Amino acid sequence: MSTISSAPAPGMHQIDLSKLNLHQLAKLKQQLDQELNVFQDSLQTLKMAQGKFVESGESVEKITPESKGKTVLVPLTGSMYVPGTIADTDNVIIDIGTGYYAQKDIEGAKDYFKRKVDFVTEQMEKIQVLGIEKSKVREAICMMMEMKVQAQAQAQKASTS
């Protein structure tokens with residue numbers, strides 16, 4: 001007997017798949033497919049954010065006292081840059097989100113980006129675990145649907161014989 005158990009998640013309960021008809025199973029499968037797509041989209045978004053934080057951390061790593069006076073391209077938008085000169089190699093201004101910026105020393109900026117990468121990675125791992133659980137449930141539903149279709153086909157075959 002196949003059942004879906006969601007005991008760890010609050011507010012969820014067990015469903016006996018064998019008691020659902022094909023239409024109900026198909027609806028449940030469709031719902032799980034939508035949830036899995038949302039998880040995939042979330043993972044992609046988090047992966048992009050993780051990449052930006054890693055890239056920003058690497059950029060901060062490259063700032064050394066020898067960098068003072070060097071010319072760099074400063075981003076004004078995602079595709080527009082202007083030349084600038086590094087005047088302070090001890091402090092940087094970092095984007096902390098939603099249009100806010102903060103001045104940090106180099107070590108503080110490195111720590112900030114490391115914490116952000118760790119946080120995003122942790123969130124990605126949580127979503128991956130949920131995705132694996134949902135995929136297992138989806139597989140169980142598909143197996144039950146297949147069994148019911150085969151049972152219907154055998155019942156039809158037996159009734160025509």
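A patch here is made of residues with over 30% relative accessible area and no salt bridge, where like charges are joined within 9 Å and nonpolar side chains (Val, Leu, Ile, Met, Phe, Trp, Tyr) within 5 Å. The model you're looking at is predicted, so local features need pLDDT of at least 70, side-chain atom pairs count only at pLDDT 80 or more, and totals for chains, interfaces and linings use all residues. Residues are numbered from 1 along each chain as its sequence is written, and side-chain values use heavy atoms, leaving out hydrogens and water.

**Exercise 1.** Find which residues make the nonpolar surface patch of about 370 Å².

*Solution.* Step one: pick out Val72, Val74, Leu76, Met80 and Val82, which make the patch. Step two: zoom in on Leu76, in the loop between β3 (71-75) and β4 (81-85). Step three: check its cover; Leu76 is exposed because its relative accessibility is 52% (buried means under 20%, exposed over 50%, partly exposed in between, with a 1.4 Å probe and protein chains only).

**Exercise 2.** Work out which parts of the chain the Glu35 and Lys134 pair links.

*Solution.* Step one: look at the side chains, which meet in a salt bridge between Glu35 and Lys134 at 2.7 Å, N to O (a side-chain nitrogen of Lys or Arg within 4 Å of a carboxyl oxygen of Asp or Glu). Helices are DSSP runs of H or I with at least four residues, strands are runs of E with at least two, and both are numbered from the N terminus. Step three: Glu35 counts as partly exposed, at 23% relative accessibility.

Definitions and conventions
Accessible areas come from the Shrake-Rupley method with a 1.4 Å probe; for residues, only the protein chains shown count as cover.
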